Amino acid sequence: MPTETVYGLACLATDPEAVEKVFAAKGRPPESPLIVHVSGIEQAKEVAEVSEQAEKLIARFWPGPLTLVLPKRAVIPSRVTAGLETVATRMPRHPVALALIERVGPLAAPSANRFTKLSPTRAEDVDPALGEFLVLDGGPCQIGIESTVVDLTGTPRVLRPGQISIAELSDAVGQVVEIGPTPGPQRSPGLHERHYSPATPVRLAHQLRYEEAGLTFEEPQNSRQIQVSRDPAIYAAMLYFSLADLDRRGVAEIVIERPPQTPEWLAVWDRLRRCSS
Ligand code: TXA
Ligand code: MG
């Protein structure tokens, strides 16, 4: 299904057999929990214990690219959450996703890519290697990188950066939100170092050379160079499908020009660091 971030491989969150199929299709390790997509706060309360702090964030950012990690309720099979007592949940800002969830109920959906590969941001980029599935074509995803994941089970902490920034989150909860893995064992599962990778090797560089293929802020110098935006939101929206296009063209290496090291580029940097590692 389409969402505003990336396409998801969706199944009924309450059906353990369906959940099993999603893990198998992705080749995803069982210790990586899934996000449960809901149609609003009422449904969120059916799958999770929604705290006052969570309500504040929901009021400000849902529907939208914000995933909240909260204590889980029993309707969600432990397979969805990789055995954790918490569940990650979000309300997508896409009419097709919302219509589907309203019709069938909460949907567990990881990004619709094989484990460690690029997340699809257009229907045609969904990997046929996932097996037998239907694609609901909702057009290109507007945000283009995965949601911000915030753990609210302790001091609020961003586990995965996204378009919604640390500053906006801190402002909404009225305290400083930290970033990074939650301290302690087994708390930030599924954050693998190598991730979001095209099939082609990726290297970061100061500037693309004349003959190289990749992403550049400047005027392209050959047909295998794609010009990207200096606006981080527009850059994010085109990042994955630009990499998918270069992948399809069978280039030997993708070179990506380093964006500025400023807070607005944090989520993009997270993806670039992982796809080039
Ligand atoms: O934008 C998105 O979030 C997309 C669209 C389809 O909604 N979904 C997505 O799902 O990116 P996935 O499975 O590729 O990533 C889920 C992330 C992982 O980093 C996982 O570790 C984290 O959410 N997560 C899920 N449940 C968690 C939990 N109970 N505790 C901590 N992290 C959790
Ligand atoms: Mg993913």
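Student: In this predicted model, what makes strand E10 and strand E12 a pair?

Tutor: Two strands count as paired when there are at least two bridges between them. Strand E10 (residues 214-216) and strand E12 (residues 254-257) are joined over two bridges, in the parallel sense, so they meet that cut-off.

Student: Which residue in E12 is the bridge partner of glycine 214?

Tutor: That is valine 255.

Student: What is the order of the strands in the open sheet?

Tutor: The four strands run E9-E12-E10-E11, with parallel pairing.

Student: Why are strand E9 and strand E11 called edge strands?

Tutor: Strand E9 (202-205) and strand E11 (225-227) each pair on one side only. On average, neighbouring strands of this sheet are turned by 30° against each other, direction ignored.

Student: Let's move to glutamate 146. Where is its place?

Tutor: Look in the loop between strand E5 (107-108) and strand E6 (148-151).

Student: Why is glutamate 146 called buried?

Tutor: Its relative accessible area is 4%. Buried means under 20%, so glutamate 146 qualifies.

Student: Which residues does glutamate 146 touch?

Tutor: Leaving aside residues up to four places away in sequence, glutamate 146 touches several, including Thr5, Ser119, Arg160, Tyr240 and Arg271.

Student: How do you know that glutamate 146 and tyrosine 240 make a polar contact?

Tutor: Their side chains are joined at 2.9 Å, and the cut-off for such N or O pairs is within 3.5 Å.

Note on methods: Residues are numbered from 1 along each chain as its sequence is written. Chains are lettered from A and ligands numbered from 1 in the order in which they are written. This is a predicted model: local features need pLDDT of at least 70, side-chain atom pairs count only at pLDDT 80 or more; totals for chains, interfaces and linings use all residues. Side-chain values use heavy atoms; hydrogens and water are left out. Buried means under 20% relative accessible area, exposed over 50%, partly exposed in between (1.4 Å probe, protein chains only). Contact means heavy atoms within 4.5 Å. A polar contact is a pair of N or O atoms within 3.5 Å; within protein, one must be able to donate a hydrogen and the other to accept it, and residues adjacent in sequence count only if both atoms are side-chain atoms. Axes are lines fitted to C-alpha atoms, for helices over the stretch in contact, and angles run from 0 to 180 degrees between N-to-C directions.
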